[in-house]
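Please read these points with the model open beside them.

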Amino acid sequence: MNGKQLVAEALQAVLPDWSMDEVEAKIERPKDEKLGDYAFPAFTLAKTLRKAPNLIAADLADQIDKSNFEKVQAVGPYVNFFLNKGKAGAAILQEILADPENYGARDLGHGRQVTIDYSSPNIAKPMGMGHLRSTVIGEAIARILEKEGFKPVRIDYLGDWGTQFGKMMAAYKMWGNDADIKQDPINTLLSYYVRINREAEEHPEYDDAGREWFAKLENGDAEATRLWKWFREVSLERFKKVYDMLDVHFDSYNGEAFSAKLMDEPIQILRDKKLLVKSQGAEIVDLDKYDLPPLLIIKSNGTTTYITRDLATAMYRKQTYDFFKSVYVVGQEQEVHFNQLKACLKEMGFDWYDDIVHVSFGLMSLNGQKMSTRKGNVVNLEDVLNESVKLARQQIAEKNAGLANADEVAKEVGIGAVIFHDLKNYRRNPIDFSLEEVVKFEGETGPYVQYARARGESLLRKGGIRDFSKTDLSKIGSEEWDLVSFMGRFGDVIQRAMEQYDPSLIAKFALELAKRFNKYYAHTRILVDDEAKEARLAVVQAMSNVLKAALQMLDVKAPDEM
Ligand code: ARG
């Protein structure tokens, strides 16, 4: 329980008509510390009690149980609360130390399932930075939801269907070299794709060939299917290498191809509800009344589209997982697409359309320019991760040459740096990518947080105590209180991060806690032998636990030594 909650609890006991939440919402922090840690404005009760605010404040101050406070004082229409820092701090510490992994967790989910569609790269194309963003944001959201008692279903909705595969096959038939594909599948397939797109300008028949191959694929042609399977397999193998590095694991890899087989039901519903309209040989759904462009459901050549597959996917997920929410972590350039998806589901009569949540994020640019696979203006994700690990390894060699598992720690630090760099910014802000920024280990970075915690762990090893069950935790003073009361806010931060699908709140909390700890560490002789030594070490242990839990929610490792 944090300080504010202690105040709310004491007030609620004398205001039986109010709920804890209602009381808590009214509690303020006085601008001047001399007026206490918290204040309650009694005039909010004046109407109901038909009494002067000053009198109400005086009565409340009189009646309240003061065991958690140094002083409770009525000043004009306010009741001011001075926390008993020893007591309040001890309560927070006790809670953290008793169950570090679940500290701050609230069972808001009751085991309800939330599907999370994230990462979702396209096969036969390199995973771009947009997919990195989706992967790390999606994974963090899954972990935050898990913490709050939901059951996330992690889905990698592979882009493994669509006209581009027709093109790829046509290109392969003309120029394909199996040995090259085996050696470097993604880049080789990509080079075919780039070439056919380039040359199609002079050879329009290439486009026709591409369309024909995709139609063959949709009709289950044996060769087209074999090629498709092969391209998909070699691509997925490469993606999984990155997922392993990031420690991300999916429950399902059902992508667009899987959904392409589920098209009958949504199309039938659209027909029954008379929502499909013919337009230039194609069939569309009009979304004029939502101020949205029409949906192209069936193309003039009879093939399906990205949005049709998403309609089928949404229905399948509802039927299969009975989701509480269905989250899609996809760049904001697809905002219209998801608005169309929701509007169409609503038209189809599904009352759960509003449970579709598009968690969008800003573009990642490279040196101020838009990244584009076609133009070759991209960074390769695997290279970035490897480079970051290499730099972390160098830093360790300089600063802690004797570290036993240095290679392992370098991975945890290097990869953690890339993940944290992405998550510390509010997701909808655009970020410009620069490797130097990512692998900077000072300032507001993942390694900075990891390092603060490792410092604490080193203190704890020196201090030699790990069991604080008999420690008098109320021995903490005001320097410790600053750290401890901040840790007391963890639960609120997690809940807000969950409600807003915003991992940056957790990252910022971790940064601030690391900063406060570093300040504390610089100003306090923690290991000096006095009656408060154990309590100080307990604070360090609690800090280490909370930082670890925060990093874990972000999918960043917390090495004990670095
Ligand atoms: N494969 C798509 C892309 O790379 C993202 C898919 C997102 N998920 C979805 N259900 N539409 O742009």
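Why is strand β4 (residues 113-117) largely enclosed by the rest of the structure? Point 2 takes this up.

1. Basis. This is a predicted model, in which local features need pLDDT of at least 70 and side-chain atom pairs count only at pLDDT 80 or more, while totals for chains, interfaces and linings use all residues. Residues are numbered from 1 along each chain as its sequence is written.

2. Strand β4. Four of the five residues of β4 are buried, so the strand is largely enclosed by the rest of the structure. Buried means that 20 or more other C-beta atoms lie within 10 Å of the residue's own, with 12 or fewer for exposed, partly exposed in between, and C-beta atoms placed from the backbone. Strands (E, at least two residues) and helices (H or I, at least four) are DSSP runs numbered from the N terminus.

3. Partners of β4. Two strands pair if DSSP finds at least two bridges between them. β4 pairs in the parallel sense with strand β5 (residues 151-155) over five bridges, and V114 stands opposite P152 in β5. Between β4 and β5 the chain passes through helix α6 (residues 129-147), a right-handed β-α-β crossover. Right-handed here means that, with the strands pointing away from the viewer, the path from the first strand over the helix to the second runs clockwise. β4 also pairs in the parallel sense with strand β9 (residues 325-331), over four bridges; there V114 stands opposite K325.

4. The β1-β3-β2 sheet. Three strands in this order form an open sheet with antiparallel pairing. Its edge strands are β1 (38-41) and β2 (69-75), each of which pairs on one side only. From one strand to the next the twist averages 15°. Four bridges link β1 to strand β3 (residues 78-83), and the bridge partner of Y38 in β3 is F81. Helix α1 (residues 3-14) lies across β1 and β3 and runs at about 40° to β1. Axes are lines fitted to C-alpha atoms, for helices over the stretch in contact, and angles run from 0 to 180 degrees between N-to-C directions.

5. The β12-β11-β13 sheet. This open sheet of three strands has mixed pairing. β12 (369-370) and β13 (431-433) are at the edges with a single partner strand each, so one side of each is left without a neighbour in the sheet. Strand β11 (residues 364-366) runs parallel to β13 and is joined to β13 by three bridges, with L366 opposite F433.

6. Nonpolar cores. A nonpolar core is a set of buried Ala, Val, Leu, Ile, Met, Phe, Trp, Tyr and Cys residues joined through C-beta atoms within 7 Å. The largest has 137 residues, of which V79, I141, I506, A510, L547 and L554 touch the most other members. Helix α23 (residues 533-553) gives the most to this core, with 13 residues. Leaving out residues up to four places away in sequence, A510 touches V449, L547, A550 and L551. A second, separate core of 11 residues includes I297, L311, A314 and L345.

7. Whole chain. The chain has 23 helices and 13 strands, and buried residues make up 41% of its 562 residues. Its C-alpha trace spans about 85 × 65 × 40 Å along the principal axes.

Key: Two residues are in contact if their C-beta atoms, placed from the backbone, lie within 7 Å.
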